[in-house]
Amino acid sequence: MYEKTMIQKIVTAYGPSGREQEVTDVIRSFVEPLVDEVTVDALGNLIAHKKGTSGKKIMLVAHMDQIGLVVTDIDEKGFLRVSNVGGVHPVTAAARPVRFENGTRGVTYFETENSGFMNPSKTAITQLFIDIGADSREEAEAKVQLGDMAVYDVNFLEMGRRISCGALDNRICCAALVEALKDMETEHDIYAVFSVQEEVGTRGAGAAAYAIGPDLCINLDVTLFGDTPKCMPMAVKLGGGAAIKIMDASVIVAPMVYTFLEDVAKAEDIACQRDVMRMGGTDTSVVQRSRDGVLAGGISIPVRYVHSPVETADLRDYEATVALLRAAVKRSELPQR
Amino acid sequence: MLGRLEELCNLNGVSGDEGRVRRYIKEIAKDYADEVWTDTMGNLYAHKKGDGPKVVVAAHMDEVGMIIWGAMENGLLIYQTQGIDPRVVVSKRVVVGPREIPGVIGAKAIHLQSMEDRKKVLSHSELFIDIGAKDKADALKYVSPGDYAAFDTKWERLGSDRMKAKALDDRMGCAIALELLKQTYDCDFTAVFTVQEELGLRGAQAAAYNVKPQVALVLEGTTANDLPKTQGHQHITKVGGGPAISFMDGSTIVPRAMFEALKSAAQEAEISFQVKQGTAGGNDAGAIHKALSGCVTGVISVPTRYLHSPCSLASISDFENAYRLADAFFATGKQNEVINEVL
C-alpha cells in the first residue's frame, strides 16, 4: 500500500533545477528516520546511506528537480520575461498559474500583438511573460529578482487510481524511492540519491555516482507512454506495471541488468513491462559512464503529458515499482559482467 | 592589465592551436606562481599554494577560427570552422599556419551576382581562403592540411572607453586571471588557462579533474545584444553596464549562494555590475561544476558585442571592473562563505 499524504507532499514541493532546497527539505524529513546517514554534496544531491554487510554498494537514484521558468528581465510595467529551465514547451507554458519559491503567485501569457488573443503559432519562449499583479518595476522587484524561478502552481488531482500533478516527473519516483526505503530488507549498502539538475541535462547524478562508486545503480524516472489518442507508437501503457528500462536516448542498459530486474519481477509476481524510450535521456547514462563504468539500469513509472502541469500517473505502476525495487535489493546475488 | 590584453588579443590561438598564447601566459605567470605546468591536453596551470579551500579561476586561451583541410587545383584553400557565422568572414584578412601566411577570404564580386546570389548567404563550404598561390602545388608549399587560420586584426582602442579586437572572448579572462595571480588570497589558488572551450568545454573537464577544486570562478566574455531594434528584455548584457554576473546559462545553473556572494562582493566594493539576462550559451563552468563529485562554480563575464567575429567590442571599464569584482570576491573571503553555505 502507499501513503498518499507522503506522495502529495513530495510531488507538490517547489524545486526547479538548481533550486531544489524546498523539495530537499521535504524528502530529507521522510528519509532521515529510515537510513543511517544523510548528506548533501556540493551540487545539492541528497544522499541517504543505509549501511549493509555484503560489501556491495547499490545506488538508487531519482532526480528531484522539476522544469520551470527563470526570470531574465523585469520591465517598467512590472511584467517578468523568462527563459526555460529544462524542457518547457512554450504553448504548454502559457495561460498557467505559477509560483515562486518565496510564495509569490503569478500567471503566464504571451505577447498578443493586436488581436488580444494568444497566437499559438508564435511559440517562442521570448514572447512569454509572467504577470505577478505588479504595476511597476519597483513593485515587481520587491517580490521577485532576476534569476528567480517559477514552477506551475500546485494542482494535485486525484482521479480514482490515477493522480495528476505538475511535477510527477520525477517526484512520483522520489516518493517511490522513499516508500521503498521503509523497512527495506537488504544486505547491501544502499545509497538512495535524490539528484539535482536532471532536467537541464543530467548534471547532478554523475557527481553523486563519482563519490559513491556503486557496484549497481537502479535509476527511477518516468517514461513516456503509447496509449493516448494518436500518440507516437510505444509499448508502454499506464497501469501496465513497473517499466524496466532497456534503453532510452541517453543509455543502453546492459542485458544482465534488465534481465535481473525481469527475473525478480517474475519471481515475485510483480507486474512489469519493457521500457524502450526513443526520446529523452535519464540519469542512468551519467551513472553508467562515471568512474570506470557502472552497471546501471532503470525502473520507470509511465507518465502521460510529461512536462505539462497535468502529468498523469497510475498508482498501480507506482506500487509495482516500489515492490520491484524492494525485491531487487533483497537479492544477495547482484548482476555482474 | 590593458597592455597585456592588447598583446594577448593580437596573438593567434585557435582551438587546438593555443601554443602561442600558452607560451606568453606561462612567461608572465611563472613570476607570480609557485608552480606552473601544462597537462597533456595543453591546459596551463599556475598554482599559488595556500591554506584554505582549493580554488580555481578559469579562463580559456582558445579563440574561434578555421582549420585548413586542403587546397583546390587553383590554389584556393578549403577550410572548416565551428562557431563562426559565415556572414562575418567574407572580405576578411586571415593568417594561416605556423608561419602565419597572410590570406583573404573573398566572394563573387557584386557585378557578377544574380538577383538570387544577392539574397543568399554563402556557407563556409562555398567560401575559400586565398593566399595568392598560383595552383595547388604552390599553395601546399606554404600551407598544409591541418594548419589553423585566425582572423588578422589588431586590438584597438575606440573612443574613450571601448576597445575592439578578435579573441576578446576570452583573452579578457586570461588577462584578469593573470592579474589575480599577483594577489594573495585566503585559499589554495590555481589559475587555469584552458584549451578548446569553443569546441565544447573540452579542456576544462581535464583541468577540473587535475585540480579537484571546491570553488571555481570562470571568467568569460559574453554576448551583449544591446543593439538597435532589440527589445530590452533581449539585451542579455549591455556594454558599459559593468561586469555581468550569471545565475544560469546553457551549461550551468549557478548555486544561489554563489550568485548572491558575487553580487554582494560587487555591492560591498561599490562596483556597478549587471545580472546576465539570458540563459543561452555555455562556458567552462559547465564542465567544471559537475566534474568529480561536484564543485561550487560561478561566472563573471565581460559584455561583448559582435562575439566570434574579427572585431568584437567591449568596454575597458567593464573589463577592469570584472577584475576588481573577482579580486573583491576572493579578498573578502567569499570562497569560504559559499562552501560553508552550500555544504
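These questions and answers concern a predicted model.

Visitor: How many residues does the contact between chain A and chain B take from chain B?

Guide: Both chains contribute to the contact. From chain A come 22 residues. From chain B the contact takes 20 residues.

Visitor: How do the residues on the side of chain B that touches chain A divide into nonpolar, polar and charged?

Guide: Each residue on that side of chain B falls into one of these classes. The charged residues number 2 and the polar ones 8. The nonpolar residues number 10.

Visitor: How far apart do the C-alpha centres of domain 1 and domain 2 of chain A lie?

Guide: Domain 1 of chain A covers 4-66 + 166-330, and domain 2 covers 68-152. The distance between their C-alpha centres is 31 Å.

Visitor: Is B:Ala291 buried or exposed?

Guide: B:Ala291 sits in the loop between helix 8 (285-288) and strand 16 (296-305) of chain B. A residue is buried if 20 or more other C-beta atoms lie within 10 Å of its own. B:Ala291 has 23 C-beta neighbours inside 10 Å, so B:Ala291 counts as buried.

Visitor: Which residues does B:Ala291 touch, not counting residues up to four places away in sequence?

Guide: B:Val195 is 96 residues from B:Ala291 along the chain, and their C-alpha atoms are separated by 17 Å. With residues up to four places away in sequence left out, B:Ala291 touches B:Gln205, B:Ala208 and B:Tyr209.

Methods: Residues numbered from 1 in each chain as written. Chains lettered and ligands numbered in written order. Predicted model: local features only at pLDDT ≥ 70, side-chain atom pairs only at ≥ 80, totals over all residues. Contact = placed C-beta atoms within 7 Å. Nonpolar A, V, L, I, M, F, W, Y, C, P; charged D, E, K, R; others polar. Domains from an automatic or database assignment. Helix = DSSP H or I, 4+ residues; strand = E, 2+ residues; numbered from the N terminus. Buried ≥ 20, exposed ≤ 12 C-beta atoms within 10 Å, placed from the backbone.
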